[in-house]
Amino acid sequence: MARRLLGGVVVAIVALVGSSSPVWADPVGVMCQAFPAKGAPPRPLVAIPTSTSRDGDVTFTIGGLPGESTLRADAKGMSFFKRITADRVQVRIEVPGDSFELEAGTAGMARLKRNGKSTLLSMTATKWEVAKAQQFAAGSKALAAFESLATALESSSRPEAQSVLTSFALLHAVRGNVTPARDLAKAVQARQAANAKRAAWSGREEMPYDCWLSYAVTVGEYLVEYAECNLDYGWIPGMVAVCTFEWTVKVELAWFWLIGCSGGFPV
Amino acid sequence: MSRLLWILGEVVFGVLLSGGVAALAVPTADAAGLATGPWVLWATLAACLLVAIGAGERLRKRRNRPRAA
C-alpha cells in the first residue's frame, strides 16, 4: 500500500516537472504566454507588431497586448526582447549559441535564466547574491553582444533606445554595477521636461509568484548561513545540533509564511 | 477521539516535513538550474502529507495489532 502511494507521488511530481520545462522556439510568443492574469482568457502565442523603425543598424519592433508592451531590437546577429506588464519586466537577449534572460518583479525579486538554467535573486543584492549573479552571467556571449548594442544606442534619444538602455542598466545592477543606472539617470534628468510626472509607488497585493521568489531566495540564504554556522562553530561539541535547530526553526517559519502568503489552507 | 488526534498529528507532521524537504530541495534545484515555482509548494505539501498519513496509519495499525501470546 505504502509503496503504491509513494509510486503515485513520484509519478505526479515527474509529470509536473516535465510539463514545466520552457520551450523557447518563439521567445516573443512564449514571453506573452507567461504570467497570464488570474481569470484572464488565454493569450495569443505571437505578439502583435504594431510598428517597426530603424536606428542605424538596429531595427526596433514595438508590439503589445492589452496590459502589456513588447519591444524587440535586432542588430548584427543578436536579438533583444523586452516585455513589460504592470508588475513585471522580462528581458531576453539572444545570439547564436547563447541566450540570457532577466525577469524582475516589482516585489524586488529577479530571476536570471541562461541557456535553460535559472537562478533566483533578491534585488536587495547581498554580497552573496551579487557574486551568484556575476558567476551565473560570466562569459555570456549574449551579454557581450548586448554591451555593443547599448554602446551603439548611447547617444540615441529614441524612446526605444532609452528602453534598451534601461534594461542594460538593470542587467548591470543585478550584477552589482550601478554605474550604467547612474549614467542613465543623469541623461534622463538632463532631458526631463519640467512638467513630467514622477512614477509613484502604489500598494499592491502580493501574488503567489512573488511569495515563491521571496521564499526561494530566503531558504537559499538560510542554507548558506547553516553551512557557515557549521564551518565556524562546528568544532564546538553540540554546536552542529544548535546550528541544525536554528536552521530548522527558520525554514519552518519561512514555510508557514509561504503557505500563508500563497493563500493559506482552505479551512 | 484517539484516532482524530492521531490523524491531526500526522497532518501536522506532514506539514513540518514538507517545510524541511522544500528547504533542502529548493536551493538544490536552484543550484542545478532547474526552474521552480509556486506549484512546488502544493506538490511538496501534498506529497509529504500523503507520506506522513500513509506512514502514520501503518504505524497506528501496527501498534493496535493484538500481540501474539
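Reply: Start with Lys113(A), whose bridge partner in β8(A) is Ser118(A). This is a predicted model, so to speak in its own terms: local features need pLDDT of at least 70, side-chain atom pairs count only at pLDDT 80 or more, and totals for chains, interfaces and linings use all residues. Residues are numbered from 1 along each chain as its sequence is written, and chains are lettered from A and ligands numbered from 1 in the order in which they are written.

That pair belongs to strand β7 (residues 109-114) of chain A and β8(A), which run antiparallel and are joined by 6 bridges. (Strands pair if DSSP finds at least two bridges between them; strands are DSSP runs of E, at least two residues, and helices are runs of H or I, at least four, numbered from the N terminus.) β7(A) and β8(A) make a hairpin with 2 residues between them, and Asn115(A) in the turn has a positive phi of about 45°. β8(A) is mostly covered, with 5 of its 6 residues buried. Buried here means 20 or more other C-beta atoms within 10 Å of the residue's own, exposed means 12 or fewer, and partly exposed is in between, with C-beta atoms placed from the backbone.

On its other pairing, β7(A) meets β6(A) in the antiparallel sense over 5 bridges, and Ala104(A) stands opposite Ala110(A) in β7(A). This hairpin has 3 residues between the strands, and Gly108(A) in the turn has a positive phi of about 90°. Strand β6 (residues 98-105) of chain A is mostly covered too: 7 of its 8 residues are buried.

Keep going and you reach strand β5 (residues 88-95) of chain A, joined to β6(A) by 8 bridges and running antiparallel to it. Arg88(A) stands opposite Gly105(A) in β6(A). The hairpin of β5(A) and β6(A) has 2 residues between the strands, and Gly97(A) takes a positive phi near 90°.

Touching, or contact, is for C-beta atoms placed from the backbone that lie within 7 Å. Lys141(A) sits in helix α4 (residues 141-153) of chain A and is partly exposed, with 16 other C-beta atoms within 10 Å. Its C-alpha atom is 8.9 Å from that of Phe100(A), 41 residues apart along the chain.

Back to β8(A), this time for the chain contact. The contact takes 26 residues from chain A and 23 residues from chain B. On the chain A side, α1 (2-19), β8 (117-122), α7 (208-233) and α8 (239-261) each supply at least two residues. The largest share, 8 residues, comes from α7(A). The chain A side divides into 18 nonpolar, 6 polar and 2 charged. (Ala, Val, Leu, Ile, Met, Phe, Trp, Tyr, Cys and Pro count as nonpolar, Asp, Glu, Lys and Arg as charged, the others, Gly among them, as polar.)

α8(A) and helix α1 (residues 2-31) of chain B pack at an angle of about 105°, with their axes 9 Å apart. (Axes are lines fitted to C-alpha atoms, for helices over the stretch in contact, and angles run from 0 to 180 degrees between N-to-C directions.) The two are therefore roughly perpendicular, the label for 65 to 115 degrees; under 35 is roughly parallel, over 145 roughly antiparallel, and the rest oblique. Among the residues making that contact are Trp255(A) of α8(A) and Leu16(B) of α1(B).

Note on methods: Two residues are in contact if their C-beta atoms, placed from the backbone, lie within 7 Å.
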